[in-house]
Amino acid sequence: MAKRLIPTLNRILVEKIVPPSKTNAGILLPEKTAQLNSGKVVAVGPGARDRDGKLIPLSVREGDTVLLPEYGGNQVKLGDKEYHLFRDDDILGTLHD
């Protein structure tokens, strides 16, 4: 369903990563554990244009894991999943393994 939505200009469609509620051994984790505001990039727009009309490419690609701000973005519900639309400038960074 998310593949139908193609963001415009310099917007990025992100699916937030939900931290696990229990460990592999079955121990339940408290909700107040430090969680990282991160998400997986599902789709990206073509990019914005500068004053001369040249295309400014985005800094992330589909499949990247990104660090998101605590607040901001627009919530979009497609089917039964929730996604968020952010501008390229709002993305704080990319996370690598």
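I looked up I91 and, setting aside its neighbours within four places in sequence, found it in contact (heavy atoms within 4.5 Å) with I12, V60, V66, L67, L68 and F86. I then noted a second, separate core of 7 residues, which includes V42, V76, L78 and L85. The largest nonpolar core has 9 residues, namely I12, V14, V41, L58, V60, V66, L68, F86 and I91. A nonpolar core here is a set of buried Ala, Val, Leu, Ile, Met, Phe, Trp, Tyr and Cys residues joined through side-chain atoms within 4.5 Å, where buried means under 20% relative accessible area, exposed over 50% and partly exposed in between, with a 1.4 Å probe and protein chains only.

For provenance, I note that this is a predicted model, in which local features need pLDDT of at least 70, side-chain atom pairs count only at pLDDT 80 or more, and totals for chains, interfaces and linings use all residues. Residues are numbered from 1 along each chain as its sequence is written, and side-chain values use heavy atoms, with hydrogens and water left out.

Turning to the strands (DSSP runs of E, at least two residues, numbered from the N terminus), I found 6 of them forming an open antiparallel sheet in the order β6-β7-β1-β2-β5-β8, pairing being counted if DSSP finds at least two bridges between two strands. The edge strands, β6 (74-78) and β8 (93-95), each pair on one side only. Within the sheet, β1 (residues 11-16) and β2 (residues 38-44) pair in the antiparallel sense over 5 bridges, and L13 stands opposite A43 in β2.

Methods: Helices (H or I, at least four residues) and strands (E, at least two) are DSSP runs, numbered from the N terminus.
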